[in-house]
Amino acid sequence: MEYLGIDLSCALGSLRKGNFPDKDCLLPLISKLLGYAIVAASTTVKLPQILKILKHKSVRGLSMLAFELEVVGYTIALAYSLHKGLPFSAYGELLFLLIQAFILVAIIYYYSRPISTITWIRPLIYCAVAPPVLAGKINPLLFEALYASQHLIFLCARVPQIWQNFSNKSTGELSFLTSFMNFGGSMVRVFTTIQENAPKSVLLGYAIGVATNFTILSQIVLYQKPQATKEKKVR
C-alpha cells in the first residue's frame, strides 16, 4: 500500500499482527512523513520575516547580499534535486523557499531605495542564467561543480548576515520565528537525507545549514536580551 510515495504496507502489516513496526520499517516511514511536513511548513517559513519588514517598513540590520545569495543557492539546489530525480518529499520545500526568497529580495530592494546600478546588474545576470540551470540544460560535469559550489554559496549567504549582526551587536529586523524554522528544518533534513540515501553532497549542504542557522538563531537570542533590558530601564 503506497500513498504519495509512502509505503504503508510494512507498518500496517506489523500493526495488524499486533506488533510494533521494527526500526527498518519505521524509520523510512518517519523520514517520508517528516519530509512532507517540512514541505508543508516551508510554504510559510519566511512569512514572519516578510511580515516583520512590512510592519516596520524597514530592512535595518538585514544584509541584501545574504538574501540574494539565498535565491542563488535555492535555485541551484532545486535544479540539482530535479536533475537527480529525488522524491518530492526530499526537496519540495526548495520550491516554496525560492518563491518566498524572491519576495523577500523584492521587498528589501523596495525599502533600500535608491538602488545602485551595480545592485541591479545582479538580478539581471540571475534572470539570464537561472532558466537553463533549472531546465538542466547544462553540461553534467558543470552541474556537479555548480552544486558543489552551492554549499559555499549558502555559507557565504549566511556569513555577511552573521558578521553584520556581530558588528552591530544587533539583529535588526531579523525574525526569530523564521530563523528558528530554518534551523529546525535543516535538522530534520539531515535525518531525511540520510534515510532517502541522497548524495553526500546534499547531506553536507544541510549540515552547513544547521551550523549557520544555529549561529544566527543564537545571535538573535543573545543580542535581543540586552536591548530589552535597556528599554525597561528607560521606562
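Tutor: Helices (H or I, at least four residues) and strands (E, at least two) are DSSP runs, numbered from the N terminus. I99 is found in helix 6, and the protein chain has 10 helices and two strands. This is a predicted model, in which local features need pLDDT of at least 70 and side-chain atom pairs count only at pLDDT 80 or more, while totals for chains, interfaces and linings use all residues. Residues are numbered from 1 along each chain as its sequence is written, and side-chain values use heavy atoms, with hydrogens and water left out.

Student: In which order do the elements run from the N terminus on?

Tutor: The order is β-β-α-α-α-α-α-α-α-α-α-α.

Student: Why does I99 count as partly exposed?

Tutor: Buried means under 20% relative accessible area, exposed over 50%, and partly exposed in between (1.4 Å probe, protein chains only). I99 has 44% relative accessibility, so it counts as partly exposed. Of the 235 residues in the protein chain, 43% count as buried.

Student: What makes E70 and R158 a salt bridge?

Tutor: A salt bridge needs a side-chain nitrogen of Lys or Arg within 4 Å of a carboxyl oxygen of Asp or Glu. For E70 and R158 the N to O distance is 2.5 Å, so the pair passes the 4 Å rule. E70 lies in helix 4 and R158 in helix 8, so the bridge ties together parts 88 residues apart in sequence. K46 joins E70 and R158 in a network of salt bridges.

Student: Are E70 and R158 buried or exposed?

Tutor: E70 has 4% relative accessibility, so it counts as buried. R158 is buried too, because its relative accessible area is 8%.

Student: How do you know that K84 and E144 form a salt bridge?

Tutor: Their closest N and O atoms are 3.2 Å apart, so they also fall within 4 Å. K84 is in helix 4 and E144 in helix 8, so this pair ties together parts 60 residues apart in sequence. K84 is partly exposed at 39% relative accessible area, and E144 is partly exposed at 33%.

Student: Which parts of the chain does the pair R189 and E93 link?

Tutor: R189 sits in helix 9 (residues 176-195) and E93 in helix 6, 96 residues apart. Their closest N and O atoms are 2.7 Å apart, and both residues are buried. The count of salt bridges comes to six.

Student: What makes L95, I99, F102 and I103 a patch?

Tutor: Patches take residues with over 30% relative accessible area and no salt bridge, joining like charges within 9 Å and nonpolar side chains (Val, Leu, Ile, Met, Phe, Trp, Tyr) within 5 Å. I99 at 44% passes the area cut-off. The four residues form a nonpolar patch with about 330 Å² of accessible area together, an area that comes from the Shrake-Rupley method with a 1.4 Å probe, where only the protein chains shown count as cover for residues.

Student: Which residues have the most contacts inside the largest nonpolar core?

Tutor: They are I53, F67 and Y74, in a core of 42 residues. The largest share, 10 residues, comes from helix 4. A nonpolar core is a set of buried Ala, Val, Leu, Ile, Met, Phe, Trp, Tyr and Cys residues joined through side-chain atoms within 4.5 Å.

Student: What is Y74 in contact with, leaving aside neighbours within four places in sequence?

Tutor: Contact means heavy atoms within 4.5 Å, and the partners of Y74 are K46, L94, L97, L98, A101, F154 and R158.
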